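The structure is shown first.

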Amino acid sequence: MSTRVRDVLSSINYFTLVSVSALTISFIVSLVVYQLGIPVHATDYIRLNLFVTGCIAVPTGIIATLHEYHARQYQRRLEALAWTDELTGLLNRRFFMRAADEECHRMRRTQRTAAVAILDIDFFKEVNDLYGHAAGDKVLKAIAQIAHAELRGPFDKLGRWGGEEFVVLLSDVTVENARIVCDRLRSRIQSALIEAGQYQVCVTASFGFCMLSSGSNVMLAIEAADRALYEAKRLGRNRVEMAEYAQPAEIQDIAEFKKRVGAQKRVQGAQEDDLEELRAKAVAMANGDVNEVRARFSR
C-alpha cells in the first residue's frame with residue numbers, strides 16, 4: 001500500500017471520528033435536555049438538534065480532516081528534504097550513515113557481512129565543461145536511477161556522498177558478491193547512453209569497496225573504500241578495487257596513560273636535577289681556577 005493511499009484512509013478515519021463524536025455529543029445533550037422536561041415535543045426536538053449538529057459537524061469534520069491531511073503531507077515533505085539529496089532523491093550523507101549504523105547493529109545479531117562501496121564518475125568535470133552544468137545534473141540523476149535499478153530494493157542502501165560521488169551499502173554479501181555487484185553496476189553505467197538535453201552523454205565510473213563486519217566502524221570502512229577508489233583511479237579508471245578494513249589503534253587505559261606520563265615527568269625532573277648539579281660543579285671549578293690565578297699573581 002502506497003503512502004498516499006494510507007494518508008487518504010487515515011483522513012477518512014479522522015473525518016468519521018470527528019463527525020461521530022460531534023453527533024454523539026449532540027445526542028447526549030438532547031437526552032439531558034429532554035430529561036429536564038424543557039421541550040414539549042421530544043422527538044421533534046431531538047431531530048432538530050441532530051440536524052443542526054450534523055450541519056455543523058460535517059463541515060467541521062471536513063475542514064479538520066483537510067487540515068490534518070495537508071499537515072501530514074507537509075510533514076512528509078519536510079522529512080524527505082531532511083534525509084534525501086535534493087537533486088537525485090537519494091539518501092544524503094547524514095541519513096546514509098544512520099542506515100549504515102543500523103545495518104551494523106543488525107549484523108551483530110545475524111553475524112553476516114556487508115560491504116560499503118564508493119563510486120565516482122570519471123572525468124565528470126569535463127562533462128560539465130563541455131555540456132554545461134544542467135547536462136551534468138541530468139547525468140547525476142541518470143546514474144542515480146541506474147544504480148537504484150541495479151540494487152536490491154529495500155535491502156541495499158544508496159546515497160549521494162557529495163559532488164559526483166555515490167555511496168552504496170550492500171547488505172548480506174561476501175567479497176565475491178560485492179565485487180560482482182560493483183562490476184555489474186560499472187558495466188551498466190559504461191553502456192548507458194544518457195540523454196542530457198540536446199546531447200547524448202556516455203560516462204564511466206570507478207569503484208572502491210570495503211567489507212563491513214559486526215564490529216566495524218562505518219566511517220573507517222568508508223575511508224578504506226575511498227582509498228580503493230583512488231587506487232582504481234590511479235590504475236586507469238573504469239574499474240573496481242577493494243581495500244582491507246583497517247582496525248583503529250587501541251585506546252590506552254587512562255590510568256596507565258597517566259602513570260606513564262608521571263614516570264616521564266619524574267625522569268625529566270631527575271635529568272634536570274643532574275644538569276643543575278653539573279652546572280654547579282662547573283661554576284665551582286671555574287671559581288676555584290680564578291682564585292688560584294689570583295693567588296699566583298698576588299705572590
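Is Gln-111 exposed or buried? Gln-111 is exposed, with a relative accessible area of 57%; buried means under 20% relative accessible area, exposed over 50%, and partly exposed in between, with a 1.4 Å probe and protein chains only. The model is predicted: local features need pLDDT of at least 70, side-chain atom pairs count only at pLDDT 80 or more, and totals for chains, interfaces and linings use all residues. Residues are numbered from 1 along each chain as its sequence is written, and side-chain values use heavy atoms, with hydrogens and water left out.

**Overall content**

The chain has eight helices and seven strands. These elements are DSSP runs numbered from the N terminus (helices: H or I, at least four residues; strands: E, at least two). Of the 299 residues of the chain, 34% count as buried. Among contacts between residues at least 6 apart in sequence, 69% join residues at least 24 apart, where contact means heavy atoms within 4.5 Å.

**Helix packing**

Two packed helices are described by the angle between their axes and the distance between the axes. Axes are lines fitted to C-alpha atoms, for helices over the stretch in contact, and angles run from 0 to 180 degrees between N-to-C directions.

| Helix pair | Angle | Axis distance |
|---|---|---|
| α3 (residues 93–110) and α7 (residues 218–234) | about 110 degrees | 10 Å |
| α4 (residues 124–131) and α5 (residues 133–150) | about 135 degrees | 7 Å |

Helices α3 and α7 pack at an angle of about 110 degrees and are therefore roughly perpendicular to each other. Angles under 35 degrees count as roughly parallel, over 145 as roughly antiparallel, 65 to 115 as roughly perpendicular and the rest as oblique. On the α3 side the contact is made by Phe-96, Met-97, Ala-100, Asp-101 and Cys-104, and on the α7 side by Val-218, Met-219 and Ile-222. By class, this contact of α3 with α7 has seven nonpolar, no polar and one charged residues. Here Ala, Val, Leu, Ile, Met, Phe, Trp, Tyr, Cys and Pro count as nonpolar, Asp, Glu, Lys and Arg as charged, and the others, Gly among them, as polar.

For the other pair, the angle between α4 and α5 is about 135 degrees, which makes α4 oblique to α5. Phe-124, Val-127, Asn-128 and Tyr-131 of α4 meet His-133, Ala-135, Gly-136, Val-139 and Leu-140 of α5. The contact of α4 with α5 has six nonpolar, three polar and no charged residues.

**Nonpolar cores**

A nonpolar core is a set of buried Ala, Val, Leu, Ile, Met, Phe, Trp, Tyr and Cys residues joined through side-chain atoms within 4.5 Å. The largest has 36 residues, of which Leu-119, Val-139, Ile-143, Leu-170, Ile-189 and Val-203 touch the most other members. Two or more residues each come from β1 (114–121), α4, α5, β3 (165–170), α6 (175–191), β4 (194–196) and β6 (205–212). The largest share of this core, eight residues, is from α5. Not counting residues up to four places away in sequence, Val-203 touches Ile-121, Val-127, Val-139, Ile-143, Ile-189, Gln-190 and Ile-194. A second, separate core of 24 residues includes Ala-114, Ile-118, Cys-210 and Val-218.

Ser-206 is found in strand β6 and counts as buried at 0% relative accessibility. Its side chain reaches the backbone nitrogen of Asn-238 at 3.1 Å. Beyond its neighbours within four places in sequence, Ser-206 is in contact with residues including Ile-118, Leu-229, Ala-232 and Arg-239.

Ala-232 belongs to helix α7 and is buried, with a relative accessible area of 0%. Leaving out residues up to four places away in sequence, Ala-232 touches Ser-206, Phe-207, Arg-237, Arg-239 and Glu-241. The C-alpha atoms of Ala-232 and Met-242, 10 residues apart along the chain, are separated by 8.8 Å.

**Loop residues**

The loop between β3 and α6 holds Ser-171 and Asp-172. Ser-171 is buried, with a relative accessible area of 5%, whereas Asp-172 counts as partly exposed at 32%. A polar contact of 2.9 Å joins the side chains of Ser-171 and Arg-106; such a contact is a pair of N or O atoms within 3.5 Å, where within protein one must be able to donate a hydrogen and the other to accept it, and residues adjacent in sequence count only if both atoms are side-chain atoms.

Phi of Asp-172 is near 55 degrees, a positive value in a residue other than glycine. Gln-111, found in the loop between α3 and β1, also has a positive phi, near 60 degrees.
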